[in-house]
Amino acid sequence: AILLEDLRTLGKVQPAAVLPSIVNHSPWGYRRKARLGVKEVAQKGKVLVGFRERGSSFVADLSRCNVLHPRVGELLPALGALIESLSISRRLPQIEMAMDDEQCVLILRILDPLSGQDEQRLSAFAAEHNIVFYLQPGGPDSVMPLGAAVDLHYRLPAYAISLHFEPGDFTQVNSGINRKMIAHAMRLLDPQRSEHVLDLFCGIGNFTLPIAQHCAQVVGVEADPGLVARARANAEQNG
């Protein structure tokens, strides 16, 4: 509604038609990408992990998040207790979540090095809850696995395509919606074997590769060199 109002009042244009919204089978437990705040709160006597309150830098005190995938959404208090037990509990301000179809990676933004005991506690927690910790001591390029790296990828069954990505890469947060969105775009575009298609902001090839199965050529355009590398690798691996 806000977008349509802005188009009307600011852009002085109105769409000829508004297509129905693409919706998931459930509004709960869908989110596979998220950035969570971490804050040690003396008044509450614990470390909070979750989203920030509206219009505030405070982290909301959550026992669970029904929007996040349950692998993480039901783990917030346990994550807070884990971080509270670390020697750098006040130097860990953020957790980034990234999931594929099955695996869950949590990237810990750390401002000081971990102790040996910290690493042991993280490894034990990861094994107990079937997650994988990565560490980010500096900028985005510093992200590295605490133990063994994992191969994150998600499948597009309708096209027999598997897309590989790194934990910090952009991917759609809702895998169910993503599959419906690709199918919807394909119906609207209706690519023909003789046509050439331009995919702007192609990322890792989410739309590019399904389209490529139905036209002469797709040119993907992307500014992030890492995503370009992943898109090229995905194109090769999927033939």
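Q: In the hairpin that β7 and β8 form, which residue of the turn has a positive phi?
A: This is a predicted model, in which local features need pLDDT of at least 70 and side-chain atom pairs count only at pLDDT 80 or more, whereas totals for chains, interfaces and linings use all residues. Residues are numbered from 1 along each chain as its sequence is written, and side-chain values use heavy atoms, with hydrogens and water left out. Helices (H or I, at least four residues) and strands (E, at least two) are DSSP runs numbered from the N terminus, and four residues lie between the two strands of this hairpin. The turn residue with a positive phi, about 55°, is Ala160.

Q: Is Ala160 buried or exposed?
A: Ala160 is found in the loop between β7 and β8 (161–165). Residues under 20% relative accessible area are called buried, those over 50% exposed and those in between partly exposed, with a 1.4 Å probe and protein chains only. Because its relative accessibility is 70%, Ala160 counts as exposed.

Q: Which residue of β8 is the bridge partner of Arg155?
A: Strands of a sheet pair through backbone hydrogen bonds, in either the parallel or the antiparallel sense, and two strands are taken to pair if DSSP finds at least two bridges between them. β7 and β8 run antiparallel and are joined by five bridges. In β8, the partner of Arg155 is Ser162.

Q: How much space lies in the largest cavity?
A: On a 1 Å grid over the protein atoms alone, a cavity is a set of points where a 1.4 Å probe fits but cannot get out, a pocket is an open set with protein on both sides within 12 Å along at least five of seven lines, and lining residues have an atom within 4 Å of a point. Points are joined across faces, edges and corners, and a volume is the space filled by probe spheres set on them. The structure holds one cavity of 30 Å³ or more. The space in the largest cavity is about 120 Å³.

Q: Which residues of the lining are closest to the centre of the largest cavity?
A: β7 (152–156) and α5 (175–189) each supply at least two residues of this lining. By class it has four nonpolar, four polar and five charged residues, where Ala, Val, Leu, Ile, Met, Phe, Trp, Tyr, Cys and Pro count as nonpolar, Asp, Glu, Lys and Arg as charged, and the others, Gly among them, as polar. Of the 13 lining residues, the closest to the centre are Arg32, Met99, Tyr154, Gln172 and Ser175.

Q: Which residues does Met181 touch, not counting those up to four places away in sequence?
A: Met181 is in helix α5 and, at 25% relative accessibility, counts as partly exposed. Contact means heavy atoms within 4.5 Å. On that basis, with residues up to four places away left out, Met181 touches Ile22, Gln172 and Phe207.

Q: Which residues lie closest to the centre of the second largest pocket?
A: About 280 Å³ of space lies in the second largest pocket. Of the 14 residues that line it, those closest to the centre are Thr208, Val218, Val219, Gly220 and Ala235.

Q: With which side chain does the side chain of Thr208 make a polar contact?
A: Thr208 is in helix α6 (residues 208–212) and is buried, with a relative accessible area of 10%. A polar contact is a pair of N or O atoms within 3.5 Å; within protein, one must be able to donate a hydrogen and the other to accept it, and residues adjacent in sequence count only if both atoms are side-chain atoms. At 2.6 Å, the partner of the Thr208 side chain is that of Asp199.

Q: Which strands are the edge strands of the six-stranded open sheet?
A: The six strands follow the order β2-β1-β3-β4-β5-β6, with mixed pairing. Within this sheet, β4 (residues 104–109) and β5 pair in the parallel sense over five bridges. The edge strands, each pairing on one side only, are β2 (46–50) and β6 (144–145).
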